Amino acid sequence: MLVSCFIYGGFLYHDIQTSKTTGFSYTKNKVLHETELQEVDSISRFQGKTEYHVVRGSTKKGEDKFVFVPIDKESEKLTIIDASKMISKKNIMEQWKQQCNNCELVEIIPAMVKDKPLWELTYKDSSGRYIFDYLSIYDGTRYEQFRLKSMFN
């Protein structure tokens with residue numbers, strides 16, 4: 001019985017991990033054919049009201065760009081952002097560290113909310129709340145923030 005639980009758990013874990021990257025190869029091909037990107041460095045996923053694959057890559061001239069590819073709406077246009085016009089992930093992290101003492105960072109990822117490109121910071125604050133902080137990808141100003149209070153410790 002215990003062995004079958006471990007086997008089932010392993011299959012479940014594998015399926016969940018596979019579902020997180022489903023469609024990445026299609027997205028990569030789409031971006032390489034429909035944009036000026038010549039190389040794809042990474043693809044991540046953002047799930048808001050609309051799910052996006054976020055592609056980071058470079059052009060023939062070596063310019064770094066981010067492309068937000070909506071997954072649910074095939075007809076919706078791609079959003080392309082020149083990385084040189086963005087505040088870097090490193091600068092966002094430094095800004096966050098100065099503003100949030102005794103906080104525990106979970107992750108920082110590119111996000112798209114209501115057609116606005118943002119950085120999504122996920123962290124736990126000193127009060128144990130789980131925070132989703134959305135900052136402008138261009139200048140780091142706050143767009144919105146959600147604070148979730150833990151019900152169980």
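What share of the 153 residues of the chain counts as buried? In this predicted model, the figure is 36%. The accessible surface of the chain comes to about 10300 Å², and carbon and sulfur atoms account for 52% of that area.

The fold itself can be read off quite simply. The chain holds three helices and eight strands, and along the sequence these elements follow the order α-α-β-β-β-β-α-β-β-β-β. As for how the chain meets itself, 29% of the contacts between residues at least 6 apart in sequence join residues at least 24 apart.

T59 lies in strand β2, which covers residues 51-59. With a relative accessible area of 6%, T59 is buried, because this value is under 20%. Leaving aside residues up to four places away in sequence, T59 touches E36, L37, Q38 and K65.

The cysteines deserve a look of their own. A disulfide is a covalent bond between the sulfur atoms of two cysteines. The count for this model comes to one disulfide, which joins C100 to C103 with an S to S distance of 1.6 Å. This pair qualifies because its sulfur atoms lie within 2.5 Å. The torsion about the S-S bond of C100 and C103 is about -50°, so the disulfide is left-handed. Both partners are covered to the extent that the cut-off asks: C100 is buried at a relative accessible area of 16%, and C103 is buried at 17%.

Methods:
Residues are numbered from 1 along each chain as its sequence is written. This is a predicted model: local features need pLDDT of at least 70, side-chain atom pairs count only at pLDDT 80 or more; totals for chains, interfaces and linings use all residues. Side-chain values use heavy atoms; hydrogens and water are left out. Buried means under 20% relative accessible area, exposed over 50%, partly exposed in between (1.4 Å probe, protein chains only). Helices (H or I, at least four residues) and strands (E, at least two) are DSSP runs, numbered from the N terminus. Contact means heavy atoms within 4.5 Å. Accessible areas come from the Shrake-Rupley method with a 1.4 Å probe; for residues, only the protein chains shown count as cover.
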